[in-house]
Amino acid sequence: MVEESGVVPASAPTIPPFTREQELTAFREMLLIRRFEEKAGQLYGMGVIGGFCHLYIGQEAVVVGVKMAARDGDQFTTSYRDHGHMLASGMEPRRVMAELAGKRGGYSKGKGGSMHMFSREANFYGGHGIVGAPAPIGAGVAFANAYRGDGRVSLTFFGEGAANQGQVYEAFNMASLWKLPVVFIVENNRYAMGTEISRASAQIDLSKRGAAFGIPGKQIDGMDVRIVKATADEAIEWCRAGKGPYLIEAQTYRYRGHSMSDPAKYRSKEEVQKMREEHDPIEQVRARLIADGMSEDELKKIDANARKIVAEAADFATADKEPDPSELWTDVLAS
Amino acid sequence: MTVNVLMPALSPTMEQGKLAKWLKNEGDAVKAGDVIAEIETDKATMEVEAVDEGVLARILIPGGTENVAVNTPIAVIAEEGEEVADTADHAPVDRVGEEDKAQEQAEAAPPVPGQTAPQDEPGEANKAATKAAVEAATPAPKATSVAAQPSPRVAPEVPEGTTMVSMTMREALRDAMAEEMRRDPSVFVIGEEVAEYQGAYKVTQGLLQEFGAKRVVDTPITEYGFAGVGVGAAFAGLRPIVEFMTFNFSMQAIDHIVNSAAKTLYMSGGQINCPIVFRGPNGAAARVAAQHSQDYSAWYSQVPGLIVISPSNASDAKGLLKAAIRNDNPVVFLENEILYGKTSEVPALEDFVLPIGKARIARPGKDVTLVSFSIGMTYALQAAEQLAKEGIDAEVIDLRTLRPMDTATIIESVKKTGRCVAIEEGWPQCGVSAEIAMRVQQEAFDYLDAPVLRVTGKDTPMPYAANLEKLALPSVADVVTAAKAVLYR
């Protein structure tokens with residue numbers, strides 16, 4: 001389906017269907033991220049969460065679709081819009097929320113915050129505050145995979161804004177030159193902070209950005225989790241077969257501002273409304289499940305469970321203590 | 001009319017080389033551009049071309065001769081049928097220029113015997129007598145020549161009676177990497193020209209042959225990218241040695257060194273460490289001007305989460321690079337191109353690893369404390385020799401590690417001497433010597449008999465012109481002057 005170094009047209013002829021089980025997995029995972037982010041937004045408003053806080057609401061299908069295609073041991077790396085990636089990686093919601101709140105029970109003991117979080121056991125390599133950094137770091141993780149020959153694939157995410165940083169192309173070149181097992185996933189939510197893509201990118205078809213390095217690229221509807229999963233399947237298989245990197249441009253949308261402090265005046269309310277009503281990744285799955293005979297009640301139960309997990313996480317984060325003052329001086333150097 | 005063929009310089013810092021072999025015989029006709037000989041240094045092999053048309057009338061230096069100084073006449077090309085007289089008549093073409101340089105040095109230096117030509121004073125401690133003799137025979141020193149430094153006292157960590165072997169810092173660094181790569185399969189080397197080319201400065205010579213392309217990885221010219229790739233590989237558990245061709249180019253990559261390598265352990269609450277070594281030559285070489293001569297010692301040593309090492313001799317270079325590779329933290333390992341070719345004693349131990357963060361007293365003394373590191377030690381030790389002749393007994397401390405800085409050793413010394421001069425090639429503002437002065441006044445104020453002084457590179461970009469470059473760098477005379485100033489002499 002994918003040419004060696006060609007760019008595949010956006011319109012996939014058919015959308016590979018999900019089984020009922022897959023639909024439910026996608027629904028559950030995406031809903032958890034949605035509810036988590038809504039809660040994070042509330043806690044930010046209450047002053048429990050500080051600093052910069054970038055919500056993933058609207059983009060859930062991207063990371064969940066990729067995660068559904070990944071194998072245990074494959075690594076995730078992204079930039080600072082990272083809460084969804086951590087939840088999808090299987091990190092505990094309460095510890096992620098505690099980190100957002102700057103509490104000692106957080107993944108980074110409260111020292112990383114929303115933008116800088118990691119989990120070695122969940123194979124989550126950040127959480128990076130420099131938006132283009134995931135590209136070479138993810139390629140480096142893939143370098144280690146290739147070095148060991150362990151068959152793992154590095155799943156490396158960054159935004160369409162970061163895609164204009166030079167380090168991304170330095171990473172593309174080496175990844176292709178050395179045939180590293182890395183899937184680069186550009187989450188194109190159309191706005192790099194307040195700059196719409198056509199104001200910042202001479203070539204807005206980002207799937208073509210790897211062509212100069214011989215990296216196959218595919219531009220997809222990132223709001224449809226089935227398409228993301230199917231494309232990620234192909235990409236990961238490509239990498240695992242030793243053919244080198246693969247580039248996916250997932251066209252997506254964030255409903256919220258760039259960060260909590262962004263009034264989002266660079267786009268119309270109608271535009272946001274239209275995306276929510278016609279393309280919401282979670283509603284699409286819900287509609288298919290209902291059409292397939294699932295009851296509203298069953299879906300509500302899933303939602304109630306997600307809300308419960310998130311409420312528990314928020315309670316934990318709120319009640320947890322700040323780090324001990326002595327933590328200021330720990331973890332500067334490994335002993 | 002005859003033309004001299006001179007021993008060429010293969011690099012800005014080359015002072016001598018081996019005339020490997022002649023490809024033409026005396027009496028052979030040559031045309032301009034004909035390859036007539038091959039010369040070698042420990043870095044490279046290069047062909048010597050005839051500079052004019054004629055007959056190779058005389059070969060002045062036979063093939064196989066080691067340590068031929070740059071600019072020495074090696075052959076004479078004559079016009080066909082021309083008689084060639086005694087070779088002694090043939091002075092180097094640019095000899096006049098060299099004499100000017102020597103004169104300048106004499107003028108710049110204080111009227112102290114031996115100062116005009118430091119090469120003539122290798123010092124009693126110098127065991128490399130042959131080498132020193134050759135260097136003394138060099139027509140004139142290059143502007144930043146620091147030849148024949150007195151051998152530093154070997155590290156206190158070396159057991160007494162240990163057999164010592166002479167080797168260059170270049171060889172010591174290579175051996176350190178090779179030993180660690182044999183010991184740990186997760187160690188690999190990555191950078192520009194490290195593999196096929198054998199290292200831009202030949203520090204990685206032979207590694208590709210022993211360890212293969214998987215572990216000795218040539219990169220494109222892409223410092224930001226390969227620094228990030230190294231960091232990612234280190235996060236995932238490998239132990240990369242990232243070579244910057246020079247640290248000047250690390251400015252492209254400083255984001256990953258600081259933001260990704262240095263901070264992630266902290267930002268991850270201790271989960272993700274980054275066992276990586278960033279190494280390469282740092283600071284001024286010779287005549288490569290502003291963009292290729294910057295000293296990053298102060299820059300990197302400001303960053304929490306980094307370890308910064310900058311050795312001055314082969315022994316410390318080997319023991320500390322091995323320690324750096326084994327360390328679980330990101331280490332910035334600042335080498336020096338001029339020191340690469342300098343030979344000193346290295347203990348012949350199976351596994352010689354030095355502690356990070358420990359300074360070394362390179363010369364004990366009681367009157368004034370001189371603190372330096374890397375090539376700054378060359379000035380400090382030579383100054384100490386001169387001061388000794390004037391009855392001043394200087395203690396010289398080699399920091400070796402800049403971060404964490406071994407403040408205790410400095411303070412202990414200053415408590416004894418009451419006077420301190422810090423020396424570095426870097427810029428003065430917010431420099432390493434500024435930090436030393438701060439610590440000394442804070443922790444040994446009551447012991448000081450004079451303000452702490454510093455000798456640094458000048459507060460300008462590095463100029464190209466030989467005379468200006470020399471002015472921009474510290475000198476032995478500067479250190480002597482500063483030491484006398486704190487002694488009110």
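## Conventions

Helices (H or I, at least four residues) and strands (E, at least two) are DSSP runs, numbered from the N terminus. This is a predicted model, in which local features need pLDDT of at least 70 and side-chain atom pairs count only at pLDDT 80 or more, while totals for chains, interfaces and linings use all residues. Residues are numbered from 1 along each chain as its sequence is written, and chains are lettered from A and ligands numbered from 1 in the order in which they are written.

## Backbone features

Most residues other than glycine have a negative phi, and most peptide bonds are trans. A:Ala264, in the loop between β9 (246-251) and α9 (269-279) of chain A, has a positive phi, near 55°. In chain B, B:Asn67 also has a positive phi near 55°, and this residue belongs to strand β7 (residues 65-69).

A residue is buried if 20 or more other C-beta atoms lie within 10 Å of its own, exposed if 12 or fewer, and partly exposed in between, with C-beta atoms placed from the backbone. A:Ala264 has 17 C-beta neighbours inside 10 Å and therefore counts as partly exposed. B:Asn67 is partly exposed, with 17 other C-beta atoms within 10 Å.

Two cis peptide bonds may be described here. One runs from A:Gly126 to A:Gly127, with omega near 20°; A:Gly127 is part of strand β3 (residues 124-127) of chain A. Another joins B:Arg403 to B:Pro404, with omega near 0°, and B:Pro404 lies in the loop between β20 (401-403) and α12 (407-417) of chain B.

## Buried elements of chain A

In a regular strand the side chains alternate between the two faces of the sheet. Strand β2 (residues 75-78) of chain A is covered on both faces: A:Gln75 and A:Thr77 are buried on one side, and A:Phe76 and A:Thr78 on the other. Two strands pair if DSSP finds at least two bridges between them. β2(A) runs parallel to strand β4 (residues 154-159) of chain A and is joined to that strand by 3 bridges, with A:Phe76 opposite A:Leu155. β2(A) also pairs with β3(A) in the parallel sense, over 2 bridges.

Helix α2 (residues 60-69) of chain A has 10 of its 10 residues buried, so it is largely enclosed by the rest of the structure. Among them are A:Glu60, A:Lys67 and A:Met68.

## Contact between the chains

Two residues are in contact if their C-beta atoms, placed from the backbone, lie within 7 Å. The contact takes 32 residues from chain A and 33 residues from chain B. On the side of chain B that touches chain A, α5 (223-235), α6 (254-262) and α7 (264-267) each supply at least two residues, and α5(B) gives the most, with 10 residues.

## Helix packing in chain B

Two packed helices are described by the angle between their axes and the distance between the axes. Axes are lines fitted to C-alpha atoms, for helices over the stretch in contact, and angles run from 0 to 180 degrees between N-to-C directions. Helix α11 (residues 376-389) and helix α15 (residues 476-486) of chain B pack at an angle of about 55°, with their axes 8 Å apart. Residues making this contact include B:Tyr379 and B:Leu387 of α11(B) and B:Val476 and B:Ala483 of α15(B).
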